2 protein chains.
Amino acid sequence: MGALDEGHFHEELSNGVKQCCSLELGFEQEPETLTIQDAVRHLLTGLSEDFNREGLKKTPFRVAKALRHGTRGYRLKVKDIVEGALFHEAGLDDGNGHAGGADEPVIVRDLDLFSYCESCLLPFQVKCHVGYVPSGERVLGLSKLSRVADIFAKRLQDPKRLGDEVCSALYHGIKPAGVAVVLQCLHLHVPNLESAFLDPNHQCWVKTLVRSGSGIFENENADAWDDFAVHLRFKGIDVHRIHIKDSTERFWCPSRSSSIPKISCMLESADQELVATVASIIRSLGEDPSRKELVGTPSRYVKWLMNFQNTNLEMELNSYPCGKPNGEVSHNKEQMHSELNISFWSLCEHHLLPFHGVVHIGYLSAAEGGINSVGKSLLQSIVHFYGFKLQLQERLTKQITHTVTSLLGGDVMVVVEASHYCMISRGIEKLGSSTVTCKKLGRFKSDPAVKDMFLQSIPNTKFEG
Amino acid sequence: MGALDEGHFHEELSNGVKQCCSLELGFEQEPETLTIQDAVRHLLTGLSEDFNREGLKKTPFRVAKALRHGTRGYRLKVKDIVEGALFHEAGLDDGNGHAGGADEPVIVRDLDLFSYCESCLLPFQVKCHVGYVPSGERVLGLSKLSRVADIFAKRLQDPKRLGDEVCSALYHGIKPAGVAVVLQCLHLHVPNLESAFLDPNHQCWVKTLVRSGSGIFENENADAWDDFAVHLRFKGIDVHRIHIKDSTERFWCPSRSSSIPKISCMLESADQELVATVASIIRSLGEDPSRKELVGTPSRYVKWLMNFQNTNLEMELNSYPCGKPNGEVSHNKEQMHSELNISFWSLCEHHLLPFHGVVHIGYLSAAEGGINSVGKSLLQSIVHFYGFKLQLQERLTKQITHTVTSLLGGDVMVVVEASHYCMISRGIEKLGSSTVTCKKLGRFKSDPAVKDMFLQSIPNTKFEG
């Protein structure tokens, strides 16, 4: 969720720079921006949405802006960053002395970045550790290691290529004795619509660890890796367990668990038009959609996106058998029950980026154990039903509450905790932030003791976004 | 450390915006930038440094840029961010239904920001939790909560005022039923030169927790705080223990533990000129140096800065009594010893921002227990001696190694782990990153087993930056 980030533009421009006020207009009118906006309108139509409805009107612009910002690395040069930031550092005023001689590694750990997956076009998170051994006492400003890594992160990437490109760029840019890069990458794994309903224990993340070395780090068994390894081991990483080259490794992106031809077969002809549309987006970002690794990407993206198609099945849910006991019961005999940590996945309608998290549902019922197992899976279905749409967290919360109350009666409370990709990627980059929304009805609203009892039952653990 | 961040400018501009290439030049020539650069040259001279020396040449520009970037909030308007990002969200297509009615809180947790302390001009870290209860179903894009908070963080601030300003701005900007803000603030506490030598257990951080509420959150005991409190309690925060107004609270900034008049007395007349210089910087940032809370700030900043004055005491250290046993000993009988986690504080000569962390020293000695207690405090003194200067981590590491080897012999290894404020603040904002440098001499260099034995002795815990 979140809204447009024009604010970010203003913000950066106000960094001492007020005279250029036509910038945003310029960006809006660039052909690449216009192409992406047209493509997004096309995709929205493919999702059976009206791109003129409130909430979607600005979405094409927001998506174009986020995508171009997130792939600005294609338009940046390492040379511009490194030039002038390399300096000679001999160590001591009185010459090399005992402390001179061969240079030793400089390592910057735990740089948080995000990149875009070339297989599915979703952002993925990167924790980057980068080190180099200076040559001839030429030292680079520390922040430049982060900035150079970000040039390559802000492209359509795969973890291994990202590591290799950062490594190679630094090696050629600063001409050190060697460069070592270790990346911990985290890819959200949104299940497809069917498997979400079938597999309640779906794994939310795919993780991978890659390393890349050049110069004295080129050989993966080189002694130079030992020091680097030891310094990263401080942070719980065992570098020696990461292979530099592993041709047998499977694709890490969860969208590639299905083979490409199979996907193509599954897509209808209308979807094939959408596939061409996504290819036009990739072209507008400055990439070649016929690059080997990108050939299947538009199909995979469309298939994924279609999980969030607008549907009109609302009424069918109400006909499921419900576990709520029939008959009148005294309010006094009713007990508070809760279903906690129901996973959900959704798509922010402002940015077409995923948000995901957990739903907690509290309700009053006279039955000892609350609803039965049919009722529990029904709650999970309701959450998925409203999750797999273009959504806002606020609306999702209300819709779940509304539907649950028709099944479990008027005393219901719903809490949704979510992590939003639009808060991680884009200009805002607020990694680790999470959003809570809730909705109270009936006695959860009128009786603080009932509400508190439910809230206390929610696990007091950090929500993992 | 790190070097200039011109790259950041280019980066943002390349965000689809290539036509404006005179931006940086414009910023460089603005009178505020020029004033700050002049002031920084003046301060460098006050530190007995030559501002034309390699390493300091670009420092005035870097400092001006970082300060103006870090206080850009003075030039930003909440209206520009909120406008167009407020939207109507009724919840369900079929009207309010069961889920309509009164609005419920929307809370965004764990937004990482940084701000500048108005008492000492150092950046401090902020974890911001912000929530509001919409009115009339007017909802704000989530990212806007972060952007509005950042407008006020990017000023000279005090935690309480920051919370109040964010709260008030959101209240007037989005006209909700209420706004609640909770801030966890973390201020680096660099000891002054004397106390660093005297107190080895110096506390590195000052923490404070503040909250601010408006509308239904205005009363600190209001029921509305309960829900907010419960949702933050998930993250280990007890909101009810934070008082909204506490006039008896002491100043949080460690520089204010001394009273202002006392500081003024301690400053010599040359320093008084520097004080006027710092006041000119504050004016250039768009602030009024005669504002009550800022009156003592230039004095405090100068006093703090003078801890890092260039001195020529190098030789004196070598005359301290040394704990190393006299006489020849067989190499085979020598054992590896280490002094771990020696705290240090230093000032990055590129940005005049602190960096701090721990030094680990390994050496070979025939003595059973290594050096004696005089020797230990000598190592701490050496670390402080080289820390309290304008520095680079690479140089600090070499200087410590060089000096230690003259005391403990030629088999020495030094590892420095540090957190740099220039990587947290400025455009880069890589919170949580840390930098490792090391230097090996003698058998630590020639014998991997000796080196490994030392590295294994370093605690395998996350370095807390």
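This note walks through a few local features of a predicted model, one point at a time.

1. Conventions. In this predicted model local features need pLDDT of at least 70 and side-chain atom pairs count only at pLDDT 80 or more, while totals for chains, interfaces and linings use all residues. Residues are numbered from 1 along each chain as its sequence is written, chains are lettered from A and ligands numbered from 1 in the order in which they are written, and side-chain values use heavy atoms, with hydrogens and water left out.

2. Helix α7 of chain A. This helix covers residues 159-174, helices being DSSP runs of H or I of at least four residues, numbered from the N terminus. Its 16 residues should span 22 Å at 1.5 Å a residue, and the end C-alpha atoms are 22 Å apart, which agrees; the expected span is 1.5 Å times one less than the number of residues. Buried residues (under 20% relative accessible area, with a 1.4 Å probe and protein chains only) in α7(A) include Pro159(A), Val166(A), Leu170(A) and Ile174(A).

3. The two ends of α7(A). At the start, a side-chain oxygen of Asp158(A) comes to within 3.0 Å of the backbone nitrogen of Lys160(A). After the helix comes Lys175(A), with a positive phi near 45 degrees.

4. Thr59 of chain B. Thr59(B) belongs to helix α4 (residues 59-70) of chain B, and it is buried, because its relative accessible area is 0%. A polar atom of its side chain lies 3.2 Å from the backbone oxygen of Gly55(B). Beyond its neighbours within four places in sequence, Thr59(B) is in contact (heavy atoms within 4.5 Å) with Glu349(B), His350(B) and Leu352(B).

5. An aromatic pair in chain A. Over all chains, a search of the whole structure finds 24 aromatic pairs, that is, rings of Phe, Tyr and Trp (its six-membered ring) with centres within 6.5 Å, called stacked when the planes are under 30 degrees apart, edge-to-face when over 60 and tilted for the rest. The rings of Tyr301(A) and Trp304(A) have centres 6.1 Å apart and planes at 35 degrees, so this pair is tilted. Both residues lie in helix α12 (residues 297-305) of chain A, and being three residues apart they are separated by about one helical turn. Tyr301(A) counts as buried at 10% relative accessibility, and Trp304(A) counts as buried at 13%. Together with Phe308(A) and Phe388(A), Tyr301(A) and Trp304(A) form one aromatic cluster.

Definitions and conventions: Buried means under 20% relative accessible area, exposed over 50%, partly exposed in between (1.4 Å probe, protein chains only). A polar contact is a pair of N or O atoms within 3.5 Å; within protein, one must be able to donate a hydrogen and the other to accept it, and residues adjacent in sequence count only if both atoms are side-chain atoms.
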